Amino acid sequence: MSIAARARGLTKIYGSGSAVVTALDNVDFDIHEGEFTAIMGPSGSGKSTLMHLMAALDTPTAGEVYIGDTAVSTLDDTPLTVLRRDRIGFIFQAFNLVPTLTARENIVLPLRIAGRPVDDEWFERVVGVLGLGDRLTHKPTELSGGQQQRVACARALMNRPDIVFGDEPTGNLDSTSAAEVLGFLRRSVDEFGQTVVMVTHDAHAASYADRAVFLSDGRIVHELRGATQEDLLSAMSHIYPRTDATQRRPAPEPVYRDGGHAPTHAGPVDDEEPTVERSIARRALMG
Amino acid sequence: MLHATWRSLWAHKVRLVLSALSIVLGVAFVAGSLLFTNLLSSSFDQLVKGALADVNVSAEGVGIEGFDQTTGLQQVLMSPDDVAAIADVDGVAQVEGMVSSSQIFPLDKDGNLLSFPGAPGVGMNWIQAPAAGGQVGARVVDGRPPETADELMMDPATVTRGGYVLGDTVEVSTPRSGLKSYTLVGTGTYGAGATAGASYLFFTLDEAQEIVQDGAEGFYAAWVVTEPGADPATVADAVEAGLPEGFIAETGDDLAAEIDEQLDVGLGFVNTFLLVFAGIALLVATLLILNTFSILVAQRSRELALLRAIGATRRQVRVAVLSEALAIGLVGATLGLGVGYGLAWGILVAMRSFGIDLGTAVPTITWQAVVASYAIGIVITLVAAALPARKASRVRPVEAMAAAAQSGPERIGGLPMVGVAMIEVGVAALVCAVWLDVPEPLWWAGVGAVLLLVGMVLAAVVVGTPLIAAFGAAYRALFGEVGRLARLNAVRQPRRTAATAATLMIGLALVATVAILAASTTTSIRERLTADQRGDFTLSPVAYQPFDATVIDEVRAVDGVTDVYEFYRGVTRIGDEPVQLSGASADGLTRASSLELIAGSLSGDGGAPPAVISREVADGHDLTLGQLFDLPTPTGGTVRLLVTGIHDGGPGLQLGDIIVDLDTYPQLGDASLVQRLVVFTADDADPAAVRDGLEAAADDLPTVVVADVEEFIDARISQFSQLFSILYALLALAIIISVLGIVNTLGLSVMERTREVGLLRAVGMTRAQLRRMVTLESVMVATLGAVLGVVLGVVFGSVLVSLLRDDGIDILVIPWLQLAGFVLVAGLFGVLAAVGPARRAARLNVLESIATE
């Protein structure tokens, strides 16, 4: 599996003097082609910063981002814009659409801006998959939130980008609409071989992904592959424990029925094996 | 609550500045117009009142020096005894005999005339006496009055213009004695010192009589100062009783009123123009402010909703918005008043650089200007804020907080329909004014024009639709999606776009009207002059003042000159009616003028001298061909003339109502001063040599200009160009204000669309494309306004010209190329207006923009 984008030694520092905030701290990160990656973490963990840097929307303080083989930090604004336009698709949490344009016009907007022809067959296919066929002439104000996000999905896919980035794309949606959008992203990976990267703090949304990366305090701290919602939730509860000790309810001591103490660990565990490799192994078993 | 308002005001400084700017601009526009109008009228008041005595004695029908351009007729004089007798009349404190001419021009150091085309060069004896009502009359500014024949005093403005200092020798062109040199011993002036372009030269009494009256003793007028407490009207009656035949005594107040009336013909136009201008300024200002505030409050709907959510009542929200508007309005109006004051000064300085001196009058802040400024600044701002504030306070907090901080799509509503109705009524009124025989057509046209203009402002959305569609198609073809987006942005808030375009529309409507008026006026005059021109060269004076006739013989002697025809001009009376009298030869009338004779000719049969009279005179006095009539001579006799021809007035050179031949003219008028010479040259003569010869002949007469026909016409027309350039300068103000209005609206629109800009950038719009998008939108709005304005201007101009047909503007010329140029320039202004907002938009950080609430 080849690499669609990678980050090396990525560091982003905001502010100066005493107000310095290190949003990303020397992060190495690869995005695999044809994979659905979820970047997870609580607010302030650096997940959005990582996505923005990977998507060439922002420039790192140190380190480098490669989209394919292109080093992003050396690019001027215009080639950067062209790179975003041609190789990257975006779905934002809200305000994805230009209000003066219809759904169809919004979908083909990046192509039009680039002055490129629309591939009608591809358009029909994407629109068909998203079920937007009867909504194409509507203005954004005439669409529901879910429909708007689906239009945004279609737009993100129209130029067949290397990577589609979603920044909490379902954050503003009800659960039904969210499921539609996530289902579509999943299908775009499975059916079109699209690479998708999504930032979310929602375990349910992340469960649609092949791979979940956990950030905390600007570092990648954990990674899961093919995790279920339960896996993700439990991982989250370990990685991001509540820190207020007074509120912590002491976990009940595991005891045997007869009242005797249970062993503190269940047999030998290879602590050296990273979770990533474990999950690959598990996937191999499952696949 | 108020605290929160202030905090929010300060938090958005750019927005604050932009919104205050719109008020400053609007108020400055109105205040500037009002202040300048006031300045003009006070300046002319000073000029008029300062130049009149309590009681003024003059020959009937001659008028007061300086304002009457028809001088050149032989003056009837009072003897020194007549003047001395006035002093004995009850109630007279002082009496001074006056000698004056309006044809005495100072020369600058290069020997060129120090005067402005059309402005008189007043030369008179120095009189030190108070003016009407005890106002300061003539007074010494610097130095001393002339004491010997070779000394003179000049008005300070002319001295400055000529670069003279006291003690310098100044050459002066006189009508009878050619060039004479004087020593400048002082500067002095009348009343407030306003000269309105005229020059004032003061001599000793003897010298004045020498150069003005050829040394004749006597006075053409007398300056009478009444004793304190005496009623000028009573004194005037008493004085008049003792005057020789033909002289009258008038009070200063009566004369001032009369002169005001005369001036109103010219000045009234300027006043009306400025008033219309101020009204339009008000309209533009209102549009600007309404526009800005509706954007502002829409942007803040979320913030207001938050205030509602945390417990502010609707009333509190409304009060907050209104107090904010009040604060901005107050600051804006104050600044605007200041800027307007500066603008009035700017116009004054500009006029001075044109050479039009308005004397000591300076812009003073009048209560009208203050009231208007604050009324506009505060009331209109409050009204502008009240509507959106109501809307904002009505919205349920939750709704508003969920909505994006943007102006919603606008409904076009009923106003444009009202506008369309107004346009229809306005057009109907204009049609009535032009084609139907209605009373007071100018009023009909005025009302029609106002209705049309306001209607267009209201209905610009509807009227501009085809234009916008055309633009859309062109943009799309030329600039692809960027052009399309620009068009969509421009029509997103149709009312806002229309209001912005309307400011420019109003300005350009005026500019186009003036352009058409200017083109039509100059073309009409040119046509008339061209049709009237005969001969190869003309010798004519600047400022219409006749010149020494002795030059005729010198001109005849120039090599290559075959014929010279002279034209004299004066005044006479037929019955009780003063009429223009001309003297010309029979050949001259046919060869050297274009006057159309309805019947007859100017040739006698050896009996009574012949006369050609105008049809008006013929009709008015029941004269026909072959009848005899009498004209008075200046010395009290009469000359019996035979009507040998009738002319139609017709185009041209304003030959008089009565034209007599050269033998008769000296009996009726002053043949020592000639109005105009028309020179014919031999076919083989070298024009340049003839010209040099003619110039040498006229060397002693600096007021005389030798011109070939084209030059002559050009010189006449350039006088009008100056007037029109002042009008253009005023209008430039309107255009500048409206361009700044576009900058303002565009800047606010871009701010409002920050998020959208971020999105467009994120999905691949380059900075260049973004800048282009903003620029195209601006160009579209500007051009829309410009095209509508030019269309309006063409209508106004055409109507005006057709109504002024009787006043000599008989050819309607629409300078299409110039008008197209205006539209093009407006488009360029659109580009300029977009520079700031486009830069701002392009500089926005993509991430921050998207994150903007």
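This is a predicted model: local features need pLDDT of at least 70, side-chain atom pairs count only at pLDDT 80 or more; totals for chains, interfaces and linings use all residues.
Figure 1. Ala7(A) has Phe29(A), in β2(A), as its bridge partner. The two strands involved are β1 (residues 3-14) and β2 (residues 21-32) of chain A, which run antiparallel and are paired over eight bridges. Together β1(A) and β2(A) make a hairpin, with six residues between them. Within the turn, Gly15(A) has a positive phi of about 75 degrees.

**Figure 2. Pairing of β1(A) with β4(A).** Strand β4 of chain A covers residues 62-67 and pairs with β1(A) in the antiparallel sense. Five bridges are found between these strands. Opposite Ala5(A) stands Ile67(A), a residue of β4(A).

**Figure 3. The side of chain B that touches chain A.** On chain B, 22 residues make contact with 22 residues of chain A. Helices α14 (465-492), α22 (754-762), α23 (767-803) and α25 (846-851) of chain B each contribute at least two residues to this side. By residue class, the side of chain B that touches chain A comprises 11 nonpolar, five polar and six charged residues.

Figure 4. Val739(B) counts as buried because 21 C-beta neighbours lie inside 10 Å, the cut-off for a buried residue being 20 or more. Beyond its neighbours within four places in sequence, Val739(B) is in contact with Phe829(B), Leu832(B) and Ala833(B). Phe829(B) is 90 residues away from Val739(B) in sequence, yet their C-alpha atoms are 6.7 Å apart.

Figure 5. Leaving out neighbours within four places in sequence, the contacts of Gly656(B) are Arg569(B), Val579(B), Gln580(B), Leu581(B) and Ser582(B). Of these, Val579(B) is 77 residues from Gly656(B) along the chain, with a C-alpha separation of 7.4 Å.

Figure 6. Chain B contains 25 helices and 24 strands. Of its 853 residues, 53% count as buried. Where contacts in chain B join residues at least 6 apart in sequence, 85% of them join residues at least 24 apart.

Technical notes:
Residues are numbered from 1 along each chain as its sequence is written. Chains are lettered from A and ligands numbered from 1 in the order in which they are written. A residue is buried if 20 or more other C-beta atoms lie within 10 Å of its own, exposed if 12 or fewer, and partly exposed in between; C-beta atoms are placed from the backbone. Two residues are in contact if their C-beta atoms, placed from the backbone, lie within 7 Å. Helices (H or I, at least four residues) and strands (E, at least two) are DSSP runs, numbered from the N terminus. Ala, Val, Leu, Ile, Met, Phe, Trp, Tyr, Cys and Pro count as nonpolar, Asp, Glu, Lys and Arg as charged, and the others, Gly among them, as polar. Two strands pair if DSSP finds at least two bridges between them.
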